[in-house]
Amino acid sequence: MSNPLNFFGGFKLTLQHLTRPRVTVSYPEHKRPKQPRQHGRHVLNRYEDGMEKCIGCELCAGACPVNCIYVRGLDNPPDHPVSPGERYGYIYEINYLRCIHCDLCVEACPTQAITESKLFEFSFTNRADAIYTKAELVVDDQGFPKHLPWEDWREGEAEMTGGWMRATSPAGEAAYEGVVQWTGDLGAGVRAPEAGQSENRDDAATGSKQLRRAFFKHLQPEDVNADQRGLPGMMNEMKSKMGKMPKRRRKEKEPS
Ligand code: SF4
Ligand code: SF4
């Protein structure tokens, strides 16, 4: 016969969780920070001078595994060119009833014209709204994605529209970590590369550190490495920061 006190074992688990940080949020009133490489709604970017990056080459349409991109290119009018190339994207449409957000179009694009923002909170009630046109996809005059009535943008979500591109290095080689091979964007300039996995990464410039911190505080104690917990964890972080400081600055900080 089982021990009748086992009944209280369940309460022990409940009591343990009462003191732990809550991991759920009241979505959609509150949203968690999104990962830098989140694949969301696309944007068509412009160069820093306002010209469109799309040259109407149709490589994105060719790479798309579900044929949801429709592009037509046209020769640039000599008196008021739309893009710096010979041609520009005259028609550009993405059918979001088909898109699987694989980002193959982003990888195929030779000019970084098409990238994905982090927005996935958008839904439609008819087919016409689901097919985004060029006018809806091209960034506005400040370089930000246009906000459509059925999209739920929050503060900061429109700022990182090239996370996936910024995560890749030329030829995918580790030796090129942090090497920028993309052009500047209207409003944002040349975006910093995403932090890599080596000591050379620049967390502050990319926002990666803030994201890691945000998720870190929601972890259960058993999911945190022993050397990162509590006071010893703080001491270890401080030591690692001191180790990365240039020697002169470190001397100034050290007590005499
Ligand atoms: S993300 Fe993938 S499925 Fe969506 S448009 Fe691009 S290539 Fe097509
Ligand atoms: S988005 Fe890029 S790949 Fe697609 S047509 Fe424009 S330039 Fe070519």
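Two residues are taken to be in contact if their C-beta atoms, placed from the backbone, lie within 7 Å. On this criterion, residues 24 or more positions apart account for 66% of the contacts in the protein with a separation of 6 or more. The structure is a predicted model, in which local features need pLDDT of at least 70 and side-chain atom pairs count only at pLDDT 80 or more, whereas totals for chains, interfaces and linings use all residues. Residues are numbered from 1 along each chain as its sequence is written, and chains are lettered from A and ligands numbered from 1 in the order in which they are written.

The protein contains 10 helices and 5 strands, taken as DSSP runs (H or I, at least four residues, for helices; E, at least two, for strands) and numbered from the N terminus. Of its 256 residues, 21% are buried, a residue being buried if 20 or more other C-beta atoms lie within 10 Å of its own, exposed if 12 or fewer, and partly exposed in between, with C-beta atoms placed from the backbone.

An open, antiparallel sheet is formed by 3 strands in the order E2-E3-E5, where two strands pair if DSSP finds at least two bridges between them. Because strand E2 (69-75) and strand E5 (131-132) each have a single partner strand, they stand at the edges, and one side of each is left without a neighbour in the sheet. The antiparallel pairing of E2 with strand E3 (residues 87-95) extends over 7 bridges; within it, isoleucine 69 stands opposite isoleucine 94, and aspartate 75 stands opposite arginine 87. E3 and E5 also run antiparallel and are joined by 2 bridges, with asparagine 95 having isoleucine 131 of E5 as its bridge partner.

The largest nonpolar core has 21 residues, and those with the most contacts inside it are Leu44, Cys60, Cys105 and Ile114; such a core is a set of buried Ala, Val, Leu, Ile, Met, Phe, Trp, Tyr and Cys residues joined through C-beta atoms within 7 Å. Strand E1 (42-44), E2, E3 and helix H3 (104-108) each supply at least two residues of this core, and E3 gives the most, with 3 residues. When neighbours within four places in sequence are left aside, the contacts of leucine 44 include Cys54, Tyr92, Ile114 and Val138.

Ligand 1 is surrounded by 13 residues, the closest being Cys64, Cys99, Cys102, Leu104 and Cys105, while 14 residues surround ligand 2, the closest being Cys54, Cys57, Leu59, Cys60 and Cys109; a residue is counted if its C-beta atom, placed from the backbone, lies within 6 Å of the molecule. By class, the shell around ligand 1 has 11 nonpolar, 1 polar and 1 charged residues, and that around ligand 2 has 10 nonpolar, 3 polar and 1 charged, where Ala, Val, Leu, Ile, Met, Phe, Trp, Tyr, Cys and Pro count as nonpolar, Asp, Glu, Lys and Arg as charged, and the others, Gly among them, as polar.

Most residues other than glycine have a negative phi, and most peptide bonds are trans. Glutamate 58, however, has a positive phi near 70° and is found in the loop between E1 and helix H2 (59-63); it counts as partly exposed because 16 C-beta neighbours lie inside 10 Å. Histidine 101, in the loop between E3 and H3, has a positive phi near 55°. A cis peptide bond, with omega about 10°, joins tyrosine 27 and proline 28.
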